Amino acid sequence: MPHAAVFVASIAGSPSIAQVAPTLAADTKPIACDEFAGLSIPASVTPLATSGAKVTSVAAQPASGTGAKAVGAFCRVLVDIVAVDPTAPPIKVEVNLPERWNGKALMYGGGGYNGVILSTGGTLRLQPPDVPIPLARGFVTFGGDSGHQGASRGDFALNEESLKNYAFDALKKTRDVAAHVIKLRYGRTHEKLYFHGSSTGGKEALGLIQRYPDDLDGAMVFWPATHAGTAHLQFARIARAFAAPGAYLSMSQRKVVLDAALEACDGLDGIRDGVISNARACQQTFDPDKATVNGRPLRCLDGAVDRDSCLSDVQISALKVMGSPLKLDAPLASGEKGYPGFYVWGVDLGSRETDDLSKGVLTQGLGKVASAYPAAPGMPFLHVFADQYARFFVTRNPQGSWQNIDPEKPGEWQDRLSMLAGLLDMSGTNLSSFQKRGGKILLMHGLADQIIPPQASVDYYDRLVATMGREAVSRFLRFYELPGTAHSGFGVSFNPSWDVLGALDAWVAGGAAPTAPVITDTHFKPGRARPLCEYPSYPRYQGGDPDQATSFTCAR
């Protein structure tokens, strides 16, 4: 490794991470933090069209915190990447440059419709509480808002450049501008660059690897929205089902569904511990029309008085829609012909709000307001999300709605929906160039995800294997499924933690692939552990202490 002295530093509660203390070549001249003020960055730093970039803010941040919360001094640089279209907003970028740099960088992806810069100075998905954040480990951290401001809003899609930036273009622009800032600050380029992305950010990671395989060295990919354009048609289909008269489930009814699934499926992994680990089998075998809860039918019988303790036929029908795949008559421009259903039996759609974790599950589930048109805050997440898509991406009419568009038979909107899928879907499953240069991917998906179906990641993985071969894929990618885990890493019955960055860095920089990794619950029963099993296996109880990972084996 040129111009560098290598040493290994152990991180508390985590695997050792190879770190680099850069020594600058004699002909380079790093710039100080305050020298970034007012700096202009030429458009030539990226091959994609921009009007250049400018530094809008610089701040030297002092060291803070103690123990695992300690963060050394760093320089925070904010940059605007100026659009070509003068009516399009800039891409806002944040770069955090530690004084004690380890020679590596970490790019953060977005989430949902983006519009904000996510936690580049904060924690990662699944990060154990005793593990320092990446910035404290010496990583440069950076990310952008994808070229518009305002989370959970889709009106940016009315502008063509903003739409293309959101689709993929902003990623390349952000990555290249940040790399330029890193080189200016330290007088040398980064040795390794990793990506952390979940949901939309997960799709961004895979898309950047697919399109620019030389830009990243590794990625942590969580529950990725791989085919976001096609997914919106499934979201709209589900939203329409729950907006039908009488279809919305109360919070009590959601708990009844969850309890019925636990009663039927909890033991499928060899032990009744409140965690449905064999979620695939549960989805295949659970019958809501015959299921019971504490001896009472899940389906409301004629004359049932307590309707909060059972489900009506229309409610069961809506859940069946959520659990079934979208099937299209004709392929979209991305080549997609449909989108998978959810493992809806065992998914918590928001049955309680007793703490921040359960409130997060509730917000990303059915919410607290019944589905209706026009959509409003507090309604089911998929309903509100799909509504933004109908209004600003599809019809480009603020009064547009799926109420009058059948996502399975869109009629006059077919061409527009097809074009959007071609733009937004993560097309392509040949990562050979990335694999050959040593790139690595850790792919994870929660089996109780209520926003992106776990089967979507299974489909992506299977396509990779079909394209590249199982042996080639195994050399650079690990795919793990997380029992009891909803979207955003929120636990439904098991809140997992694992030092994912430590594992990725050890694999990329140290050549040590993950071996028998273990996840630890941080919420429901803190300290209990399970083996982190590669798809298609799941943790099955073999005997012994049920709180120890060694009491389970990864079974198929």
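Modeller: Asp217 is buried, with a relative accessible area of 12%. The model is a predicted one, and in it Asp217 forms a salt bridge with Arg437, the closest N and O atoms lying 3.1 Å apart. Asp217 belongs to the loop between α2 (200-211) and β10 (218-222), while Arg437 sits in the loop between α10 (432-436) and β15 (440-446), so the pair ties together parts 220 residues apart in sequence. Arg437 is partly exposed, at 33% relative accessible area.

The closest N and O atoms of the Lys172–Asp215 salt bridge are 2.7 Å apart. Both residues fall under the 20% limit for burial: Lys172 has a relative accessible area of 6%, and Asp215 is at 8%.

A further salt bridge joins Glu534 and Arg478, with 3.7 Å between the closest N and O atoms. Glu534 is in the loop between β19 (529-531) and β20 (538-541), and Arg478 is in strand β16 (residues 477-482), 56 residues away. Glu534 is partly exposed at 37% relative accessibility, whereas Arg478 is buried at 13%. Shared partners also join Lys172, Arg175, Asp176 and Asp215 into one salt-bridge network.

Across the whole structure, 28 salt bridges are found.

Definitions and conventions
Residues numbered from 1 in each chain as written. Predicted model: local features only at pLDDT ≥ 70, side-chain atom pairs only at ≥ 80, totals over all residues. Heavy atoms only, no water. Salt bridge = Lys/Arg side-chain N within 4 Å of Asp/Glu carboxyl O. Helix = DSSP H or I, 4+ residues; strand = E, 2+ residues; numbered from the N terminus. Buried < 20%, exposed > 50% of the residue type's maximum accessible area, 1.4 Å probe, protein only.
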